[in-house]
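Good morning, and thank you for coming. Please look at the structure as it comes up, and I shall then take you through selected parts of it.

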Amino acid sequence: MSAEPVAAELVERRVILPDQRIDAFHAPAIAVSARAGQVLQVLLADDEGLVVRRAFAINTVDPSTGVISVHVAGPARADALARLRVGDRAPLAGPFGRPFEVDPRTTHILLIAEGAAIGRLRLLADEALREGRQVTVLLGAQSARDVYPSTLLPDEVEYVVATVDGSLGHPGSVADLVPQYEAWADQAFAAGSPALLGKLAALSASRLTRMGVAKLGRRRGAAKVDPPGSPSARRKSFLQVVVELDVACAAATCLGCVVDGHAGLLRACREGPVFAATELSLETVA
Amino acid sequence: MGGSGEALAAPVPSVPLDLSVDLGSGLFLRNPILVASGALGYGIEAEDDLAPERIGALVTRGTTLRGRTGNPAPRMARTPAGLLNAIGLHNPGLAAVLERFAEQWARWPLPVILNLAADNVGEFAEMARRLEGVLGIAGVELNLSCPNANRGGTLFALEADSAAAVTTAVRRATALPLLVKLSPAAPDPRAVARAVADSGADAISAVNTLPGLVLAADRSRPALGAAYGGLSGPALRPIALRVVHEIATSVRIPVVAMGGVTTLSDVLDFLAVGAQAVAVGTAAIGDPGLPARLADELEDECQARGLSSHLSLIGTAQGHRPGNPSARGAEYRP
Ligand SMILES: Cc1cc2nc3c(=O)[nH]c(=O)nc-3n(C[C@H](O)[C@H](O)[C@H](O)COP(=O)(O)O)c2cc1C
Ligand code: FES
């Protein structure tokens with residue numbers, strides 16, 4: 001396993017929605033290298049002394065103060081981290097996993113998330129704005145109650161919401177909003193249920209045809225195929241997805257984290273958790 | 001730093017400590033702590049954290065004759081004090097495993113026990129035959145928590161005659177040290193253990209996981225892609241302790257115990273009910289250095305008690321034998 005755990009102090013806890021909170025740790029060593037898409041692991045033992053490594057999406061990073069925050073979703077019961085109080089220390093390891101890769105030519109990025117999965121994309125908004133890109137966030141939720149607060153996003157971000165029950169924003173699925181932004185966006189990044197990712201992958205695959213863009217010219221020789229998990233495979237793709245990485249050895253040994261790839265099974269902890277949508281067999285999942 | 005008075009005091013005579021374990025057919029372990037099957041793959045991937053020179057043995061991930069892609073994701077879910085897993089024997093197949101790892105295992109400072117899985121007796125025996133003359137394999141462990149295709153999918157480990165048939169066939173096929181791994185779901189583990197011992201097993205491993213179910217957060221479906229999974233970790237420990245107690249009082253061959261070991265106290269519990277050695281599974285997934293630390297702690301414990309080996313810790317809780325097997329019920333029996 002890579003990175004040795006560091007004892008990091010919990011400096012702030014904010015409950016943002018029912019069963020969702022943001023925990024901020026002082027962990028300068030991790031904060032300097034963390035990138036969007038990666039996860040942190042908290043190595044806390046339960047009452048029985050069992051350490052089940054839990055991975056949390058990195059939400060924000062401030063290298064100047066050394067503070068890094070994670071988005072925690074799910075009931076606090078059975079969550080050893082929930083018992084930690086502000087001022088306590090916990091062993092933190094990471095960052096783990098491969099990050100999002102934004103093409104240097106990209107000026108407009110679209111972030112598409114469902115519910116708490118926004119936590120896995122949040123840091124990318126900061127990174128992109130810092131690099132002078134324009135960012136639109138499309139968020140889908142069950143109802144207005146579950147919508148990620150806009151105050152947690154940078155002011156420069158355009159934020160568009162869809163709710164299944166129609167209580168806020170567009171009534172229906174967040175996927176319905178995507179076609180309006182396809183021509184605007186140079187690259188898109190998504191997190192959510194397998195069904196949503198499948199829908200988005202299908203939209204992305206048919207995008208150029210629907211937009212009436214033809215690929216001209218003939219390629220000489222076989223097109224170079226980037227190996228799954230390589231930065232170039234992600235950088236070149238229109239849609240990148242980040243899958244959930246929860247229970248984990250993070251060492252590619254337990255095979256508990258696999259996802260279905262076109263070239264065979266891929267380990268989210270080793271080849272992911274960020275993938276080019278074209279690397280995964282998402283259509284079959286949807 | 002001690003003062004001059006301490007420095008001059010006679011050193012405490014240190015007893016030479018022997019923690020070695022004989023699992024039969026020439027399989028000797030330097031100490032009684034193993035890594036259980038499925039926890040650290042084929043070991044090579046986790047070598048740095050594992051400290052192979054400080055543990056007794058490594059049992060590999062379950063391996064089948066032909067490669068398998070395993071179960072659909074998600075494959076693991078957290079449970080109170082444990083894990084539910086349905087990896088589904090995801091492995092590259094016996095030939096690929098031997099080609100990739102056997103040479104490295106042969107150079108390793110610890111015995112590697114290959115865990116085998118199959119859905120029929122012939123395939124178990126075929127795999128054992130293919131290990132003939134392969135360097136780097138110190139023994140085999142048969143995972144009998146596999147569905148028997150010829151018995152409508154009933155696990156081999158649930159029926160004494162099925163378990164005996166596999167053991168007999170593999171014993172004929174190989175002279176390698178043979179461990180047979182039993183299930184805590186067996187209605188009468190004592191009968192299965194006796195059948196396996198009578199069929200030529202050198203040792204018994206107990207226990208494997210117990211089937212369980214966890215639901216997705218929105219209760220619309222099971223959390224795991226395969227629906228049911230195997231429960232492991234501390235949640236399983238009292239059941240494992242009972243099964244090991246039953247087995248160890250029923251057979252003369254050594255028992256390698258496992259089920260929820262996270263601390264030295266758990267190791268001592270399993271020794272007390274009669275296990276000769278103890279394996280760490282789930283707890284080693286999150287903490288691959290744990291088995292080596294437990295081995296060190298056991299050594300310290302023996303030294304602190306002035307023991308020359310761990311043998312006197314074995315079976316101390318067997319004196320009180322229950323009148324009936326657990327198959328006759330426990331809590332409501334008059
Ligand atoms: C992720 C995982 C994979 C496992 N794979 C196997 C396997 O392939 N073959 C086998 O016989 N047991 C397998 N087991 C069972 C363990 O070896 C062990 O018997 C069981 O988990 C109880 O021990 P524990 O509570 O220490 O994990 C697996 C367990 C886990 C958690
Ligand atoms: S988390 Fe264990 S293999 Fe990826």
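I begin at ligand 1, where a polar side-chain atom of B:Lys181 lies 2.8 Å from an oxygen atom of the ligand. That is a polar contact, meaning a pair of N or O atoms within 3.5 Å; within protein, one must be able to donate a hydrogen and the other to accept it, and residues adjacent in sequence count only if both atoms are side-chain atoms. Taken alone, ligand 1 exposes 600 Å², and the protein buries 95% of that. These accessible areas come from the Shrake-Rupley method with a 1.4 Å probe, and for residues only the protein chains shown count as cover. A backbone N or O atom of B:Ser37 lies 2.7 Å from an oxygen atom of ligand 1, and an N or O atom in the side chain of B:Asn143 is 3.4 Å from an oxygen atom of the ligand. Which residues come nearest to ligand 1? Of the 21 residues around it, they are B:Ser37, B:Lys181, B:Gly233, B:Gly260 and B:Thr282; a residue is near a molecule or strand if one of its heavy atoms lies within 4 Å of it.

A word on conventions. This is a predicted model, in which local features need pLDDT of at least 70 and side-chain atom pairs count only at pLDDT 80 or more, while totals for chains, interfaces and linings use all residues. Residues are numbered from 1 along each chain as its sequence is written, chains are lettered from A and ligands numbered from 1 in the order in which they are written, and side-chain values use heavy atoms, with hydrogens and water left out.

Next, the sheet in chain A. In the order 10-9-8-7-11-12-15, 7 strands of chain A form an open sheet with mixed pairing. Strand 10 (170-171) and strand 15 (274-276) of chain A stand at the edges, each with a single partner strand, so one side of each has no neighbour in the sheet. Helices (H or I, at least four residues) and strands (E, at least two) are DSSP runs, numbered from the N terminus, and two strands pair if DSSP finds at least two bridges between them. Strands of a sheet pair through backbone hydrogen bonds, either parallel or antiparallel.

Is strand 7 (residues 108-114) of chain A largely enclosed or exposed? Of its 7 residues, 6 are buried, so strand 7 of chain A is largely enclosed by the rest of the structure. Buried means under 20% relative accessible area, exposed over 50%, and partly exposed in between, with a 1.4 Å probe and protein chains only. Strand 7 of chain A pairs in the parallel sense with strand 8 (residues 134-141) of chain A over 7 bridges. The chain runs from strand 7 through helix 2 (residues 122-130) to strand 8 of chain A, and this β-α-β crossover is right-handed: with the strands pointing away from the viewer, the path from the first strand over the helix to the second runs clockwise. A:His108 has A:Gln134 in strand 8 of chain A as its bridge partner. Strand 7 of chain A also pairs in the parallel sense with strand 11 (residues 187-191) of chain A, over 5 bridges, and here A:Leu110 is partnered by A:Ala188.

A:Ser69 is buried, with a relative accessible area of 4%. Its side chain makes a polar contact of 2.5 Å with the side chain of A:Thr60.

In chain B, helix 4 (residues 121-129) has B:Glu123, B:Phe124, B:Ala125, B:Met127 and B:Ala128 buried. The N-terminal end of helix 4 of chain B is capped by B:Asn120, a side-chain oxygen of which lies 3.2 Å from the backbone nitrogen of B:Gly122.

I close with some backbone details. Most residues other than glycine have a negative phi, and most peptide bonds are trans. A cis peptide bond joins A:Gly94 and A:Pro95, with omega about -5°, and A:Pro95 lies in strand 6 (residues 89-96) of chain A. Another cis peptide bond joins B:Ala206 and B:Val207, with omega about 15°. A:Leu255 has a positive phi, near 60°, and counts as buried at 10% relative accessibility. B:Ser25 also has a positive phi, of about 50°, but counts as partly exposed at 43% relative accessibility.
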